Amino acid sequence: MRTLLITGPGGSGRTTLAAATALAAAAEGDRTLVLGTDRTDTLGAALGVPTGPAPVEAAPHLTAWRPDPAADFRRDLAALQDRASSALDFLGASRLDPEELTPLPGAGELALLRALRDAALSERYDTLVVDLPPAPEALALLALPEELRRCLRRLLPPERQAARALRPVLGRLAGVPMPAEWLYETAARWDLELGAVEAVIADRGTAVRLVAEPGPAGGDALRTARLGLALRGLRTDMVIANRLLPEASPDTWLAGPVAQQRKALEEWRESHTVHTVAHLGRDPRGTDDLTTLAVPGTGQPAPAADWPVTDRLDADGVLVWTIPLPGALREELDLVRRGDELVVTAGAFRRVVPLPSALRRCTVDGAALREGELRIRFAPDPKLWPQDR
């Protein structure tokens, strides 16, 4: 299945273009699902069909769905209370009724990730288009599965379950029920679910499409988003330059904005595949307007994001790990080696990445940022490296 994640600065028209992209894919005959994330029905307004917790047919071959975070939150908390019933009863805690619950911050993001996983695994669709939140929130959302899995594994390492036989003894000594069994089972289930979402995001058929209006603000947002996506190893297939003003216009007032848009497009085309969408002079509403925008469908899969390790042992005595970080600034970069992991900070973004197996037997010998690539040198540790090298 082809998955296209669409985001951009707030107010750039990303929801409208997500709907138009899904409509274009459906017109090509693909069974297409478009997922909305806004609490208000902006997706339905663009499609001309109300959307909500139940999937609806918006056009031939096109289904629209806006997951309900409240229902998912109530269901998850009820299940958690059932698993922790012994501990809750011992403490004398009264259970919460699902109807009195309102979603906590983050419930919407988790509901979207679950919907993304379910849609990808259902095999009912050929194409999935996701209208992500504005770029800063979208980048945090895409990082969430990997970060949560890492935290779970640090807090509740699976290998500690080897002490399962001791828990009844510990429970008798402490005089309280030991919740470790259900806690580890819950952590394992969450790890499995988050792993499925992470696999969808990292799949070779998944790409991110950026939407922005040509101009200084749009350019700044694109540079930031591109860096954040690169640090996550995510593919970007193209940039859609939205709401282009007409070049030939009798209105002289438009000359300045048109020149600004033209300059921005020239800069964007140096580093992106750019598709332009003209301003209709109104907010697009309904499938006829969306078709008029002539937005491309999903197209071909984007090339894989590669982080290669280059063997330069014979020439320089080092291995070089290359991490593409377009738009990164040297003064905003930071690297910290911690065991078998590398903490990479680039501007406002940070990621903890496991080292490739060969580099775990090395020490960091230096790093340099050149032409949008971070090149980290690793020297073999004589105590760990095979002596025949």
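In which sense do strand E12 and strand E13 pair, and over how many bridges? Let's start there, everyone, and keep in mind that we are looking at a predicted model.

E12 covers residues 341-346, E13 covers residues 349-354, and the two pair in the antiparallel sense over 6 bridges. For anyone new to this, strands of a sheet pair through backbone hydrogen bonds, either parallel or antiparallel. We can pick out individual partners here.

E12 and E13 belong to an open sheet of 3 strands, in the order E11-E12-E13, with antiparallel pairing. The edge strands are E11, residues 333-338, and E13, and each of them pairs on one side only. From one strand to the next, the twist averages 15°.

What packs on this sheet? Helix H6 does, touching E11, E12 and E13, and its direction makes about 45° with that of E13. Helix H9, residues 216-231, packs on the sheet as well; H9 touches E12 and E13, and its direction makes about 15° with that of E13.

Let's stay with H6 for a moment and look at its contact with another helix. Two packed helices are described by the angle between their axes and the distance between the axes. For H5, residues 107-122, and H6, residues 135-155, the angle is about 85° and the axes are 10 Å apart. H5 and H6 are therefore roughly perpendicular to each other. On the H5 side of the contact we find Glu109, Leu110, Leu112 and Leu113, and they meet Leu141, Leu144, Pro145 and Leu148 in H6. Sorted by class, this contact of H5 with H6 has 7 nonpolar residues, no polar ones and 1 charged residue.

Is threonine 63 buried or exposed? Its relative accessibility is 19%, and the cut-off for buried is under 20%, so threonine 63 counts as buried. And what is around it? Setting aside neighbours within four places in sequence, threonine 63 is in contact with Thr32, Leu33, Val34, Pro55, Val56 and Tyr125.

Notes:
Residues numbered from 1 in each chain as written. Predicted model: local features only at pLDDT ≥ 70, side-chain atom pairs only at ≥ 80, totals over all residues. Heavy atoms only, no water. Axes fitted to C-alpha atoms, helices over the stretch in contact; angles between N-to-C directions. Helix = DSSP H or I, 4+ residues; strand = E, 2+ residues; numbered from the N terminus. Parallel < 35°, antiparallel > 145°, perpendicular 65-115°, else oblique. Contact = heavy atoms within 4.5 Å. Nonpolar A, V, L, I, M, F, W, Y, C, P; charged D, E, K, R; others polar. Pairing = 2+ DSSP bridges. Buried < 20%, exposed > 50% of the residue type's maximum accessible area, 1.4 Å probe, protein only.
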